[in-house]
Amino acid sequence: MTKDLVSKSEHSSSTRESASNRSYRLVKHPQEPLEGVVNTPPALARVCELVAAGSGSVALDTERAGAFRYFQGAYLVQLRREDTGTFLIDPTAFPDLEPLGTAIGKAEWILHDATTDMPWLAEIGMRPKLLFDTELAAKLLNFERFGLGSLTEQVLGIMLEKEHSAADWSTRPLPQSWLEYAALDVEFLVDLRQALWLQLGEAGKDDWAEQEFEHLLYFEPPAPKPDPWRHVPGSGKVYSPRNLAALRELWQTREKICAAENLAPTKVLSNPALIALAVALPRGKRYMNSIEAFRNDRVGRERADTWYAALSRSYKLPVHELPSKRAPRVRGAVPDARNFAHNHPQEAERWHRLRDVVIQIAVELNVHSEVMLDSRTTRRLAWVLPDNAPEPQVLEVLQASEARPWQIEHLLDGLVKALRSE
């Protein structure tokens with residue numbers, strides 16, 4: 001690391017330290033009166049006209065209801081442009097919000113944790129042409145806490161109330177206090193973006209940030225894993241094919257109910273209860289209530305007949321129809337971290353060496369290790385490369401994994417050395 005980069009990083013750290021000593025201003029309400037939720041074509045047309053006539057970056061956020069509803073998506077879109085104000089839009093009232101995306105045009109989007117919001121915005125016809133992610137900027141600056149509330153406190157000295165973060169945003173009509181909370185999520189994004197951009201420049205990381213934001217424009221969520229029922233939290237406790245068959249049948253039954261009633265899975269049968277039933281394999285309904293996790297799941301108990309019917313179907317399956325102990329491998333897929341550690345000791349040892357290098361260089365550059373290199377890329381390097389792989393081969397994997405130039409510049413030499421056999 002160059003002396004200049006060290007001094008700039010130290011300056012950035014001292015800036016954050018001085019910010020931590022300031023007094024905070026608690027903000028409970030938006031600075032401007034909120035208009036009603038935009039949920040009619042004329043209201044949307046007016047917003048599009050105002051946004052198109054405005055100037056500067058556009059702050060965006062979404063509110064979802066994943067803890068309550070089965071069908072994922074945005075239930076509220078918040079938008080703010082400094083010279084037009086804040087608008088709260090109900091996307092469920094429209095076929096899509098493509099006209100709003102057109103109105104924004106080539107203006108920069110400001111998002112916090114863009115990978116969370118972009119898929120849902122894309123689903124309703126909105127894609128950015130230019131992007132700034134405040135969370136990603138904070139990780140490049142190595143903030144210890146990078147949630148939106150933490151950042152507004154550390155950078156702007158503003159405290160935001162987060163009392164409605166777990167609300168059911170599919171509720172209609174939305175209470176006024178919820179709307180004010182949602183508006184505050186975009187109220188200070190423009191100011192936060194400006195302050196973080198200055199810090200990135202002072203730290204010599206503005207070029208890195210531009211590379212990251214450009215890469216984010218093409219973000220797509222990962223494809224669903226095969227056999228999703230194998231990935232229920234706690235499923236590691238389920239081993240034998242017969243127990244796995246019960247887990248599969250319970251999961252599939254729960255999914256059908258969730259889709260039919262648009263309820264989140266845990267609103268139908270909790271994960272601990274589902275796993276406990278698959279592990280215990282009760283042979284009668286009266287034994288189900290002796291299982292503590294099921295007994296404690298009030299909502300799940302209301303459908304006890306349904307769950308026992310699912311279990312009974314799994315009990316009747318012939319041996320050749322039982323699932324295998326291990327999930328099917330996807331051609332070219334890299335095992336997850338848990339499988340590395342348990343099933344691939346040689347690759348796991350290589351992975352630990354590579355990961356140590358990534359962490360070390362992240363410390364030297366004063367960036368969060370998450371942005372130094374994607375953890376999946378580190379595993380891919382360990383999986384596809386042999387020990388003593390030459391530099392061109394390592395470079396090829398990094399480029400195929402879409403590592404950014406700044407990452408390759410700082411990591412390539414260390415990764416090649418880490419792959420050398422001891």
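A residue counts as buried under 20% relative accessible area, as exposed over 50%, and as partly exposed in between (1.4 Å probe, protein chains only). These terms are applied here to a predicted model, in which local features need pLDDT of at least 70, side-chain atom pairs count only at pLDDT 80 or more, and totals for chains, interfaces and linings use all residues. Residues are numbered from 1 along each chain as its sequence is written, and side-chain values use heavy atoms, with hydrogens and water left out.

The protein has 422 residues, and 49% of them count as buried. Its C-alpha trace spans about 65 × 65 × 40 Å along the principal axes. The accessible surface comes to about 21000 Å². Carbon and sulfur atoms hold 52% of this surface. Such areas come from the Shrake-Rupley method with a 1.4 Å probe; for residues, only the protein chains shown count as cover.

The protein carries 51 positive and 58 negative charges, and their mean positions are 10 Å apart. Lys and Arg count as positive, Asp and Glu as negative, while His and the chain ends are not counted. Each charge is placed at NZ of Lys, CZ of Arg, CG of Asp or CD of Glu.

There are 21 helices and 7 strands in the protein. Both are DSSP runs numbered from the N terminus: helices are H or I with at least four residues, strands are E with at least two. Contact means heavy atoms within 4.5 Å. Among contacts between residues at least 6 apart in sequence, 70% join residues at least 24 apart.

Five of the strands build an open sheet. Their order is β4-β3-β2-β5-β6, and the pairing is mixed. The edges are β4 (85-89) and β6 (130-133), each of which pairs on one side only. Neighbouring strands of the sheet are turned by 25° against each other on average, direction ignored. Two strands pair if DSSP finds at least two bridges between them. In general, strands of a sheet pair through backbone hydrogen bonds, either parallel or antiparallel.

Strand β5 (residues 108-111) pairs with β2 (residues 58-64) in the parallel sense, over 2 bridges. Here Ile110 of β5 stands opposite Ala59. Strands β5 and β6 also run parallel, joined by 4 bridges. Trp109 stands opposite Leu131 in β6. Both faces of β5 are covered. Glu108 and Ile110 are buried on one side, Trp109 and Leu111 on the other.

Helix α2 (residues 41-53) lies across β3 (74-81) and β4, at about 145° to β4. Axes are lines fitted to C-alpha atoms, for helices over the stretch in contact, and angles run from 0 to 180 degrees between N-to-C directions.

Two further residues were examined. Gln31 lies in the loop between β1 (25-27) and α2. Gln31 counts as exposed because its relative accessibility is 55%. Not counting residues up to four places away in sequence, Gln31 touches Arg80 and Glu187. Val363 belongs to helix α17 (residues 345-365). At 62% relative accessibility, Val363 counts as exposed.
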